[in-house]
Amino acid sequence: MNKNFNKSIYVKNKDSLEEDLKRYSLVFQKSIIEYLYSLLNLEFSVVRDFINEEERSILSNFEIYKEISIYNIYYKALKLFTSDNNKDNFIINDYGFPFSLLDVNYSFGEKNIPLFRFDVDKNLEAKIFLYKEDISQRRINVELERVFNKLCDLYDEKNTYYSFSDYDIKRIKLGNYFYKILLEDYGLKDEDFQFESRQYGDNSYSDESLLNQTLVKRIPNLVIKSNIKYI
């Protein structure tokens, strides 16, 4: 943890937020006040569509909404991972600004599997990072063909990708299990995400474009990134 970091600046305690929210009873409609209290009580994720886009856009101009959103995302994630039966294997880091408010990995054998990261900047703009692995021999073959001249060594070794150990399969299943849980909690599906930038087939090509892809879901004051690794 960053010793100079005061987490309470970004993740306020519930009592403080409830007191602040009382002052908005004459500003917000009753339904919005009830919605914000529900977020504080972690009844559902702020990502879910319990309000429409216009309401969310208007609310995102208020600091109280940003602060409650951060509280909701942070503590719902913390609750999810600390209540799981495998909680002893989780590595939960609270680095502090300018790093992550919350970073969760899973200790699996000799490797740590990234599961979740939550960042907030000085303007209380939030980012959620999700991680997923998938097996795709087709993508590997295409990648090898496209970068033959640059990655000839990888091309020569391409047959090694056809077999996966029990360890690999278990690791992938475990990481994707938590990926699915987080998507369900946020009320999202894979098709809700879009490519962050142009991918294969245009001038934005990079060596890792087919094997490592980042997809994005944007809502006011929050960006959710789905990081997919193909092996």
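Analyst: Helix 7 provides the largest share of the lining of the largest pocket, namely five residues. This is a predicted model, in which local features need pLDDT of at least 70, side-chain atom pairs count only at pLDDT 80 or more, and totals for chains, interfaces and linings use all residues. Residues are numbered from 1 along each chain as its sequence is written, and side-chain values use heavy atoms, without hydrogens or water.

User: What counts as a pocket, and as lining?

Analyst: On a 1 Å grid over the protein atoms alone, a pocket is an open set of points where a 1.4 Å probe fits, with protein on both sides within 12 Å along at least five of seven lines; lining residues have an atom within 4 Å of a point.

User: How much space lies in the largest pocket?

Analyst: The largest pocket holds about 350 Å³, the space filled by probe spheres set on points joined across faces, edges and corners. Among its 19 lining residues, Ile-113, Pro-114, Glu-133, Arg-171 and Lys-229 are the closest to the centre.

User: Which elements give two or more residues to that lining?

Analyst: They are strand 3 (111-120), strand 4 (126-134), helix 7 (166-186) and strand 7 (222-230). Helices (H or I, at least four residues) and strands (E, at least two) are DSSP runs, numbered from the N terminus.

User: And the second largest pocket, what is its volume?

Analyst: The second largest pocket has about 240 Å³. Of its 15 lining residues, Val-47, Asp-49, Glu-53, Lys-217 and Ile-219 are the closest to the centre. Strand 6 gives the largest share of this lining, three residues.
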